[in-house]
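User: Could you walk me through reading side-chain contacts in this model? I would like the general idea of each feature before the case at hand.

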Amino acid sequence: MKKVHHAITSEISKAYVTTRIRLTLVAAVGVMIGIAVFIFLNSMMRGFERSSMATVFKTMPHLRIFKDDRVSRSLIEKDQGREVVLINPKVVPQDNRLVNPEQIMAALRQHPDVTVVTAEVSVPVFYQNARAQINGMATGIIPEEADQMYHISSFLVEGTWHGLETYPNGILLGSQLAEKMNVRTGDQVSLVSSRGVNKVFRVVGIFETNNAQVDQTKSYIHRSMAQQLWKESRSYITDIGVNVKDPMGAGRYQSVFSAISGYQAEDWETANEQIMAANKMRKSIAGVISMTILLVAGFGIYNILNMTVSQKMNEIAILKAMGFKGGDVIRIFVQQALTIGVIGVVLGILMALLLVKALQGVYIGGDIGYFPIQYEPEMFFRGVLFGLLVTFLAGFIPARKAAQVDPVSIFRK
């Protein structure tokens, strides 16, 4: 008997869907738009987040260990029983070298979550070529270690990063910096450090990070040459970069690495608070918009089914008088809602696939380049799940109303 009821309820639900095909299609289109927008917006936000992270990691390690500037303390003096407090805090000039960097790096490499450790020397410089003089920063690296950390070879547009090993005076220039100076691979540029050291370098490669600020000012040279620009020995190190297995959890290691090194450890999220805040804001906006559209589609289904319940009161009363229970009535309208939901979800997935495919070939320009959007299986799964959940609730609420119909009171009317 139960199987018979199930078969009949399925047939009734199917009849309701097919006899009111226009309303069914309108509701399905609402779900389709909601699902497509949900998948598209969230995939786009995930793409922008991945793009910004990739840009950051091209020039920044997951954690940076360095010696921070110290602020002078207030002076407290006693004068005939009175305390005189002189407050004039200033940044105290000091040497930014790290003491015993090799020991620090050896200790960091012992940590199970550390993947790459490398020491760097940052040098404020003036780039000179003929009359051109540009302020910027040269970073002294060990090429092999730096490529493991930043994957420099992946964003070189000209030359090779091996040139830093082949030529002691080799230099890798940012693309916009090279354009400003009108130099290419094989040309020479002069660097003048803040300590007055002037050295001539040969351009062995040009890189492009898609970060305008970096590409306009940054260069890479061999670490030994950076130490010479500082007039320091080979033990002189200003920064230690550390990469960990989970970059999104880099903040957890700040206190640990500070304790190991004895210096300040800063994770990439702290150093890029503005970028992270922008990403969170974009994700929040995309989530609110997509969920709002899905809820609007759900209300559309709810209104259609609520109208159907009101118009089918006599038929519902007859079914209940024939022995159908409230659960059978609920099943009729929930099946109708889920049928509309499934149609809308399938159409929404197809629409989202087309949107993603179309935007992948759109060139935005600037620091981003092509539209940073990809097919995100997780977002498609979430879209399907949320879409079916909303349509189920939109069908269940009026279905409960239908299940509570008293056939006797309906027949009296």
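Analyst: Happy to. Let's begin with charges over rings: a charge sits over a ring if NZ of Lys or CZ of Arg is within 6 Å of the ring centre and within 35 degrees of the ring normal. Here, Arg202 lies over the face of Tyr167, at 4.3 Å from the ring centre. Another case is Arg64, whose charged end sits over the ring of Phe66, 3.9 Å from the centre of that ring.

User: Before we go on, what should I keep in mind about the model and its numbering?

Analyst: This is a predicted model, where local features need pLDDT of at least 70 and side-chain atom pairs count only at pLDDT 80 or more, while totals for chains, interfaces and linings use all residues. Residues are numbered from 1 along each chain as its sequence is written, and side-chain values use heavy atoms, with hydrogens and water left out.

User: Now salt bridges: how many does a search of the whole structure find?

Analyst: The criterion is a side-chain nitrogen of Lys or Arg within 4 Å of a carboxyl oxygen of Asp or Glu. The search of the whole structure finds eight salt bridges. In one of them, Arg64 meets Asp239, at 2.6 Å from N to O. Strands are DSSP runs of E with at least two residues, helices are runs of H or I with at least four, and both are numbered from the N terminus. Asp239 belongs to strand S13 (residues 239–244) and Arg64 to strand S1 (residues 63–66), so this bridge links distant parts of the chain, 175 residues apart.

User: Are Asp239 and Arg64 buried, exposed or partly exposed?

Analyst: Buried means under 20% relative accessible area, exposed over 50%, and partly exposed in between (1.4 Å probe, protein chains only). Asp239 is buried at 6% relative accessibility, whereas Arg64 is partly exposed at 32%.

User: Which other salt bridges can I look at?

Analyst: Glu232 sits in the loop between helix H8 (223–229) and S13, and Arg195 in the loop between strand S10 (188–193) and strand S11 (198–207), so the bridge ties together parts 37 residues apart in sequence. Glu232 is partly exposed, with 22% relative accessible area, and Arg195 is partly exposed too, with 35%. Next comes Arg252 with Asp246, where the closest N and O atoms are 3.9 Å apart. Arg252 is exposed at 54%, while Asp246 is partly exposed at 32%. Finally, a network of salt bridges links Arg46, Glu376, Glu378 and Arg382.

User: How many aromatic pairs does the structure hold?

Analyst: Rings of Phe, Tyr and Trp (its six-membered ring) pair if their centres lie within 6.5 Å; planes under 30 degrees apart are stacked, over 60 edge-to-face, and the rest tilted. The structure holds six such pairs. Among them, Phe57 and Trp268 are edge-to-face, 4.9 Å centre to centre with 75° between the planes. Phe57 lies in helix H2 (residues 21–57) and Trp268 in helix H10 (residues 268–271), so the pair ties together parts 211 residues apart in sequence. Phe57 is buried, at 16%, and Trp268 is buried as well, at 1%.

User: And why is the pair of Phe207 and Tyr220 tilted?

Analyst: The ring centres of Phe207 and Tyr220 are 5.4 Å apart and their planes stand at 55°, so the pair is tilted. Phe207 is in strand S11 and Tyr220 in strand S12 (residues 218–222), so the pair ties together parts 13 residues apart in sequence. Both Phe207 and Tyr220 are buried. Together with Phe155, Phe207 and Tyr220 form one aromatic cluster.
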